[in-house]
Amino acid sequence: MRVDDPWYDATASGWEDGQDPGVPGEVGPGGPGRPDAVPRQRVHSAAEIYLEVQRSPAFQEVRGRYRRFVFPATLAFLLWYLAYVVAATAAPGLMARPVAGAVNLAMIAGLGQFLSTFLLTWAYARHARLRRDRAALELRWDTQEMTRGVVQP
């Protein structure tokens, strides 16, 4: 069965064309023994399916991992940015202190803003790859399997 989903990858999912993973009795990716799998219950609408997935422990774990990284990282970055702006406006003498030749503390801190942006982006991508992507992909597979055959309004 071909799925018209731009994110669908039959090779990665282990489902080739011609195989229908939605057949009752078959098990999708991840296997039946996964304790955090979304329960396989028959529901009547796509909205109920998405609400069921949202309430599942697997979804809550993915959201928790996301929030445990994003909220502290955002707070740290905003504090660092505000410290730079406050120092530039409240302590111009400190920021004008030369470090090496014509390079002063304000220039070093400004370049540090760019560097910290790139480091934060790298850290976010690494965190997503190592801690969330696989679990989110399994949730997507489970959700697609559950919504197969549901008529969209």
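Visitor: Which residues of helix 3 are buried?
Guide: In this predicted model, helices (H or I, at least four residues) and strands (E, at least two) are DSSP runs numbered from the N terminus. Buried means under 20% relative accessible area, exposed over 50% and partly exposed in between, with a 1.4 Å probe and protein chains only. In helix 3 the buried residues are Ala58, Val62, Gly64, Phe69, Val70 and Ala73.

Visitor: At what pLDDT do side-chain atom pairs count?
Guide: Residues are numbered from 1 along each chain as its sequence is written, and side-chain values use heavy atoms, with hydrogens and water left out. Totals for chains, interfaces and linings use all residues, local features need pLDDT of at least 70, and side-chain atom pairs count only at pLDDT 80 or more.

Visitor: How far apart are the end C-alpha atoms of helix 3?
Guide: The expected span is 1.5 Å times one less than the number of residues. Helix 3 runs over residues 57-90, so its 34 residues should span 50 Å. The model agrees with this, as the end C-alpha atoms are separated by 48 Å.

Visitor: Which helix is included in what covers the buried residues of helix 3?
Guide: Contact here means heavy atoms within 4.5 Å. The cover of those buried residues includes residues 105-147, that is, helix 5.

Visitor: Is helix 3 roughly parallel or roughly antiparallel to helix 5?
Guide: Their axes come within 10 Å and cross at roughly 180°. Axes are lines fitted to C-alpha atoms over the stretch in contact, with angles from 0 to 180 degrees between N-to-C directions. Angles under 35 degrees count as roughly parallel, over 145 as roughly antiparallel, 65 to 115 as roughly perpendicular and the rest as oblique. Helix 3 is therefore, relative to helix 5, roughly antiparallel.

Visitor: Is Thr143 buried or exposed?
Guide: Thr143 is part of helix 5. Leaving aside residues up to four places away in sequence, Thr143 touches Ile49, Tyr50 and Val53. Because its relative accessibility is 10%, Thr143 counts as buried.

Visitor: What separates the C-alpha atoms of Glu48 and Thr147?
Guide: Glu48 sits in helix 2, residues 46-55, and counts as partly exposed because its relative accessibility is 40%. Glu48 and Thr147 are 99 residues apart along the chain, and the separation of their C-alpha atoms is 9.9 Å.

Visitor: What pattern does the chain follow along the sequence?
Guide: The chain contains five helices and two strands. In sequence order, they give α-α-α-α-β-β-α.
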